[in-house]
Structures are given as structure tokens and as C-alpha cells.
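Have a look at the sequence and the 3D picture, then read on.

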Amino acid sequence: PSIPRHTNRLINERSPYLLQHAHNPVDWYPWGQEAFDKAKKENKLIFLSVGYSTCHWCHVMEEESFKNKEIGEIMNKNFVCIKVDREERPDVDKVYMTFVQATSGGGGWPMSVWLTPDLKPFVGGTYFPPEDGVHRVGFRTVLLRIAEQWKENKDALLESSQKILEALLHMSEIRVQGQESPPPSKEVMATCFQQLSNSYDEDYGGFSKSPKFPTPVNLNFLFTYWAVHRTTPEGARALQMALHTLRMMAHGGIHDHISQGFHRYSTDKHWHVPHFEKMLYDQGQLAATYSRAFQISGDEFFANVAQDILLYVSRDLSDQAGGFYSAEDADSYPTTASGEKREGAFCVWAAEEIRALLPDPVEGSTEGTTLGDVFMYHYGVKETGNVSPMQDPHQELKGKNVLIVRCSLELTAARFGLELGQLGALLGEGRRRLSAARAQRPRPHLDTKMLAAWNGLMISGFAQAGAALAEQKYVSRAAQAAAFLQRHLFDPTSGRLLRSCYRGKDNMVEQSAVPIQGFLEDYVFVIQALFDLYEASLEQGWLEWALQLQHMQDKLFWDPKGFAYFSSEGGDPSLLLHLKDDQDGAEPAANSVTVTNLLRAACYSGHTEWVEKAGQILATFSERLQKIPITLPEMARATAVFHHTLKQVVICGDPQGEDTKEMLRCVHSVFSPNKVLMLADGDSAGFLYRQLPFLASLERKDGKATAYLCSNFACSLPVTSPQELRGMLCP
């Protein structure tokens, strides 16, 4: 590689996204005091650009504008330019995204915002093309106009930025109204179910026309709704909607049939042509959701998809020290000789490539049938490509195929006169060969930063799959990642979590010079992970750490006046808004997940003030939960857990005993959203016995492993057979 012409301050950063911009002719600064001081001292406006390393349009804007020398000169002359990785600093991202959405009605990345020297936003948008077009003003023009305005109308600009800030402060405040109590769960659940049912796609599953997102929060809501209403037609429909969606997603092109895992979202309603980046948070949530689908249905199909996701993460997103990387990019070089990257290049196929890889004649089928014929038929491959031009505005996928399961195994077998077992083996062989061919292609960029929150979601995925599928290796992988968090993303002296760490030189784990402190979502997703890991492994150390972190979360983020938790700590003067998230999106909102966390924490500790806090959060979001619960399906789900109170399933027994293991397998095989599992192993000096004195009164009946179902610390009669226990768990 040639020696770069330009190098700016981002060269000293750890974030892969910031490092991608370290050789732009733009004099980029990271978010921080040095940039703020320069803007004040030189009385310059700030241009803030926010994105992430696997964002397609971020790459486009960099290629077109930030690598352009003339545009770089305009930026450097008139502005202090700041680059932010939204995955490192979700707090900064949310403040300015609130502004962009409020003023333009839309939002997204790259986010481009102009700020006064005291950080107040006054103009914002997303992607700008470099030059003026018929419908859009070009980035160069916008820069020059704003610089001109600052020269000519500085006072008016400052005044309007102050007004904008006041309006934002007013509209973004979320607080409990008067003596509000938690909303009635029955109504919230019914409304949320109705709203999801109305937006459901009967043919292809999912809850929008296009684009279609794999929203695990919706599916988890539907599973809980079903569990509460199993005997009603609505309950049956909720389950059908969730399972059909999961099945269609797994057959679709959003699922990588060759290298496993799921892409970000589908650009069409058939789940066919995706945006190809793969995000850790999707893999973690979907592994858990497919495991639940298996628990409920007993259908191996769902277990296989969960295993497929975990195979992908273990192989491609795992650091040797135990942590999980953030994402893989959508864009890559089609061949080693290519000069420019294309979206999906790593994942798509021309028909002739597949024919050349799979020329073998198929025994027992009609004369002349090749493995390629069978494979192409099953996966919807067409000679001219199977991507409609509508799904491919930039012609990047012309003549290419995104694999999608077009027929059932039965239909494909019948079409070629094959046995089902034989067909399965043939398709497996085809996938293996394509996988080997793909391994020769240049890989997409890998974002190797490791975030506490997303690692938490992935630990939950491994732990829940390990429990539901009875696969010890997944539980071990979850424990390895939790130990990684304890070692690299936790400061034992302060008791606080850190947001991120990075893969550095020689693959060693590195920390930035000034580590970023954990945000609310880091605490919430890690605490959830530790509870899931305890239930899967019954190692009490994880439980103890979860409760310590819950106390710390209360201390750092709880709003004692307006209730619920703030997304970030107070006291940072560079953050103009102190926000609370009110939407379950690609990831659930931290306040939604924390409701269930608090209820679980109370069950393991006897601290009833945590139940009170859970109720106060639901009260804070009461109006939204009653009117538009579809925006908060995870919190709507939590209203049911709150209302039905968690049942403590206590197994008294020797952890190594076969009878104990059998009882635990029974608990893990049942989907019951309002159960909390604990093992009373008889060690009265252990953590759980110290937390919960009532455990000492529970005994093994006739020396056998014995289960008790307890609620509010009062327990059922003991049972010693898994069949009886199953009956109690599924009333």
C-alpha cells in the first residue's frame, strides 16, 4: 500500500470506524475537550459526523466527500470537524439524532449535524451527495451556505439554536405523571397483540411491508402472550405469527445459507435481498428467540437455526480471549484484483459459478441431472440472477443470485425423484463446496471492537440455547465470554462496567487511553446475561456479580424524581440532553429489559424495593404502553411478568446427581416466561442461602432431588418426578 498523503488525529483512536477516516484530508477530531476548546477559541462552528464501521452510506459519503481534497479544504477552513462512532458513544448519537428526527422527520446514518461552538445543534441531516443534483442540495453547497450564514447572521443563528435546545429539552423529557400506577397488564398485552396482528404479513411473516427487520422483541412478546393465553384463539394466533415469521426468515436470503448467521434486514417483503452486514446484537437475540421457538414447538428446525447462528458467531465473531466482535460489513471486493468494493459481493453467486462447482451427476435422478441443477432449483437460483432491479438501485447485484429456499425439501425431492435423506446430503455437500469457494474471496471488513452491551446479548443467546437445547458447549462459551467481561470490561476497584475494548496489536485485547464508562444498556444487557447464565450453569458467582451490578446501575442512572433510568450518567456538560429511551427497536430499550431484570434480582435477593422500582418504570411509561405498546413490545411483555409475579422454581438436590440433572432438564425444556430457576444445593454458607433464608427450610424428599414452586417466598408441596414438575410449570 502507498504511504497515505494525509493523517489526522483519528490515527490515535481505537475504534475501527474512526480509524477508517484517519487518512482523510479532513482534519477530524474525536469527540472531546480538545475539539470543543478549538471551536470556542477560534469561534468556529462544529461539523459533527456520526456513523459506524459497517454502515454502507457512511462508506459512500466518505468516498465521495471526506476523501475529496477540495471539500476537505472547505471543511477545515470553516469548521471544527468531529467524527463519532455511534457504537462507542450511543449517548452523543442519541442527543443529536433526537434533534435530526425532530427537525427533518427522519434519521439514520451517516448523521451530519452542524453545531454552535457550545455544542447546540441548528442544522442536521443524514447522507449528502457531494454536488448539487436535481432533487438534493450537495454537501459542498451546504457547507458554504452554513459558513456564510455564520459570518452574516451569527446572532440569529445562536438565538435559534437556543430555542431549538429548549424545545428539545421539553419534548424529550420522560417522567412519571402524578400518582400514576403501573398500567393494567391485560389491556396493554391485548392492545400490543392487536397492533402486531394488524401489521402482520400473513404470507411471509414479519410486521411491515418492506424493508423487513428481524424484530426479536415482537416475537418474544408473542411467545409470552401465547404462554398467558394458550387456550384461546388469540393465543394460538400469536404463536402461529411468531413461528411462521421465524420459519420464513430462516428460509429467506436474510439468512446466510452458506456461512450461517443473519444479515441486518431485508429490502423486500419476502426476506429475500438483504442489507448484507451482520450485527452481533441480531445474532444474540435471534439465537435466544429460535431456542425459545424450539422449546415451545419441539420442532428441530428451530433448534438447527439456533445452532447455525452460534456456529457463525463462534467461528467469525469470536476473539481468542473470549469476547465477541461487533459486526461484519456488507461491502467487500468481489475478487482480489477488484479496485472497488460492492455490497453483498462476498455472499452472492452467478449461476455459472454454481454449475462449475457442482457438476456431479446425481444418482437415481433423471438422466443428466447434476448436483448444480438440484441445488439451484432448491435455492431459487436463476441463470440471469434472481435479484429484481427494484431491490438493486446501484446495479451491484446484476446477474447475481441471493440464495433463498424456494421449495420444501419434499417438493424438491419429488421434482428430482430423490429420497429425502439423499436430498439432504446433496444440499449439504453443495453448501460445503460453496463455502469453500467463498473462503477464497476477499472477506468483508470485521469490526473488532467489543462492546459490553452487545456481548451481554450474545451471552444470553449462548446461555439460553445451551439450556433449551441441552448443549453444554454453548453454556461453556457463554461462561467464557462472561469471564472475558469481568477481566476486560469491568473495573473491580470502582465496581463499574466499561463500554468497550478492542483487538489490538498481535491480537491482544486493548483499552483506549481514557476508557469509555458503561452506559445504562451495558449494565442492563450484562445483568440479563448473568441471570441467563446462572440459570443455565447454576454457578452462583454470576448471580452475585449480577446483583452487585444492579446496585451500581441504581446508583448511576436512576431518576429519583421522574422515575425510570437515564440512558447515560448525569454530570457530563458536553451532553445537552439527559435522555431515557422509549422504543424497543433493533435492540430492546434498556428500561424495558430492566423491568424483568429487577423482578429476577428481587427473587434471588429478597430485596423487595426492586419490585417497587419495576412498577415505577411501568408507571413512567404508562401512557405509551396503553396507547402504542407496539413501540415497546418488550416492556409490554414485562407488564405480564410484573402482573403474574415470578415463580421461584427451587430444585433441592446434589448438582452432580442424575436425579437433579433430570429435574433441571425438565425445567429447561419448558417455556415459562414467569419462572426463575435456582438450585438449593444444601450449602448453607453459599451465596443463595445467605440471601434467601427460606431456602434452609426446603428439604429433599426421601433423599431424592425435589422441586418446589415458590411465590413471594411461600412454597408449594414438594414434587420429586419430572412429570409432576412439568405439570406445575405448564398449568
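Predicted model: local features only at pLDDT ≥ 70, side-chain atom pairs only at ≥ 80, totals over all residues.

Residues are numbered from 1 along each chain as its sequence is written, and side-chain values use heavy atoms, with hydrogens and water left out.

**Domains**

- The domain assignment gives domain 1 (9–172), domain 2 (215–331 + 447–644), domain 3 (347–440) and domain 4 (648–729); such bounds come from an automatic or database assignment.
- Between the C-alpha centres of domain 3 and domain 4 there are 50 Å.

**Nonpolar cores**

- A nonpolar core is a set of buried Ala, Val, Leu, Ile, Met, Phe, Trp, Tyr and Cys residues joined through side-chain atoms within 4.5 Å. Buried means under 20% relative accessible area, exposed means over 50%, and partly exposed lies in between (1.4 Å probe, protein chains only).
- In soluble globular proteins, nonpolar side chains tend to be buried together.
- Which residues touch the most other members of the largest nonpolar core? They are Tyr-290, Ile-651 and Leu-725, in a core of 151 residues.
- Helix H19 (residues 520–537) gives this core its largest share, 12 residues. Helices (H or I, at least four residues) and strands (E, at least two) are DSSP runs, numbered from the N terminus.
- Domain 2 and domain 4 each supply at least three residues to this core.
- Apart from it lies another core, of 30 residues, including Leu-18, Met-61, Val-142 and Ile-146.
- Leaving aside neighbours within four places in sequence, Tyr-290 has contacts (heavy atoms within 4.5 Å) that include Leu-246, Phe-262, Phe-302 and Ile-309.

**Strands and how they pair**

- Two strands pair if DSSP finds at least two bridges between them.
- Seven of the seven residues in strand E3 (residues 79–85) are buried. On one side these are Phe-79, Cys-81, Lys-83 and Asp-85, and on the other Val-80, Ile-82 and Val-84.
- E3 pairs in the parallel sense with strand E1 (residues 28–30) over three bridges, and seven bridges join E3 to strand E2 (residues 45–51), also in parallel.
- Strand E18 (residues 647–652) pairs with E19 in the parallel sense over six bridges, and Ile-651 has Leu-679 in E19 as its bridge partner.
- An open sheet of three strands has the order E13-E16-E17, with antiparallel pairing. Its edge strands are strand E13 (449–451) and strand E17 (509–510), each pairing on one side only.
- Within that sheet, three bridges join E13 to strand E16 (residues 500–503), and Met-450 stands opposite Cys-501 in E16.

**Cavities**

- On a 1 Å grid over the protein atoms alone, a cavity is a set of points where a 1.4 Å probe fits but cannot get out, and lining residues have an atom within 4 Å of a point.
- Of the 35 residues lining the largest cavity, Arg-292, Gln-464, Asp-532, Arg-600 and Arg-637 are the closest to its centre.

- Most residues other than glycine have a negative phi, and most peptide bonds are trans.
- A cis peptide bond joins Trp-109 and Pro-110, with omega about 5 degrees; Pro-110 sits in the loop between helix H5 (90–104) and strand E4 (111–115).
- Another cis peptide bond joins Ser-210 and Pro-211, with omega about -5 degrees.
- Ala-470 is not a glycine, although its phi is positive, about 50 degrees. Ala-470 is exposed, with a relative accessible area of 56%.
- Thr-645 also has a positive phi, about 45 degrees, and is partly exposed at 30% relative accessible area.

How values were computed. 1 Å grid on protein atoms, 1.4 Å probe; cavity = no way out; pocket = protein on both sides within 12 Å on 5 of 7 lines; lining within 4 Å.
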